[in-house]
Amino acid sequence: LPEQREVDAGVIESAALIVADMRDEVAHDTGDMLAATAAGVDFEPKLVTLADVIGGRRPVRTHEADIVVYKSVGSALQDIVIAEMFLDLALRQGLGRRLDMQIAAIAK
């Protein structure tokens, strides 16, 4: 949300790299980046996609002291995949249990 901020513009300015799950949405729709833009911070050259980092097309750090920020707008698919990963891990460790339930779609 444009009014939500997790870090101030100084953090964005200090970052050597900003990794985004969805580059355009992070750049133009998040409060952190809107505030940084309003403060005159040019973050676009250091904003890269998570896919580029994971794919090895972009190194995360060039110096050990580099500050790297991960900014995520998230997606329902990411939430589901991560929840499933944690459930599988918990079950392998003998923690928790799978609930037998279904979610019915609601027509709008």
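**Close-up views of a predicted model**

**View 1. Glu44 and Arg23 meet in a salt bridge through their side chains, at 3.1 Å from N to O.** A salt bridge here is a side-chain nitrogen of Lys or Arg within 4 Å of a carboxyl oxygen of Asp or Glu. Glu44 sits in the loop between α3 and β2 and Arg23 in helix α2, so the contact ties together parts 21 residues apart in sequence. Helices (H or I, at least four residues) and strands (E, at least two) are DSSP runs, numbered from the N terminus. Glu44 is partly exposed at 28% relative accessible area, and Arg23 is partly exposed at 25%. Buried means under 20% relative accessible area, exposed over 50%, and partly exposed in between (1.4 Å probe, protein chains only).

The model is predicted: local features need pLDDT of at least 70, side-chain atom pairs count only at pLDDT 80 or more, and totals for chains, interfaces and linings use all residues. Residues are numbered from 1 along each chain as its sequence is written, and side-chain values use heavy atoms, leaving out hydrogens and water.

**View 2. Lys71 and Glu6 form a salt bridge at 2.8 Å, N to O.** Lys71 belongs to strand β3 and Glu6 to the segment before α1, so the pair ties together parts 65 residues apart in sequence. Lys71 is buried at 8% relative accessibility. Glu6 is exposed at 66%. A network of salt bridges links Glu6, Asp32 and Lys71. The whole structure holds six salt bridges.

**View 3. Three strands make an open, parallel sheet in the order β2-β1-β3.** The edge strands, β2 (47–49) and β3 (68–71), each pair on one side only. Strands pair if DSSP finds at least two bridges between them. Ala20 stands opposite Thr49 in β2, and its bridge partner in β3 is Lys71. Both faces of β1 are covered: Leu17 and Val19 are buried on one side, Ile18 and Ala20 on the other.

**View 4. The largest nonpolar core has 13 residues, and Ile12, Ile18, Met33, Ala36, Val41, Phe43 and Leu47 touch the most other members.** Such a core is a set of buried Ala, Val, Leu, Ile, Met, Phe, Trp, Tyr and Cys residues joined through side-chain atoms within 4.5 Å. α1 (9–14), β1, α2 (23–29) and α3 (31–38) each give two or more residues.
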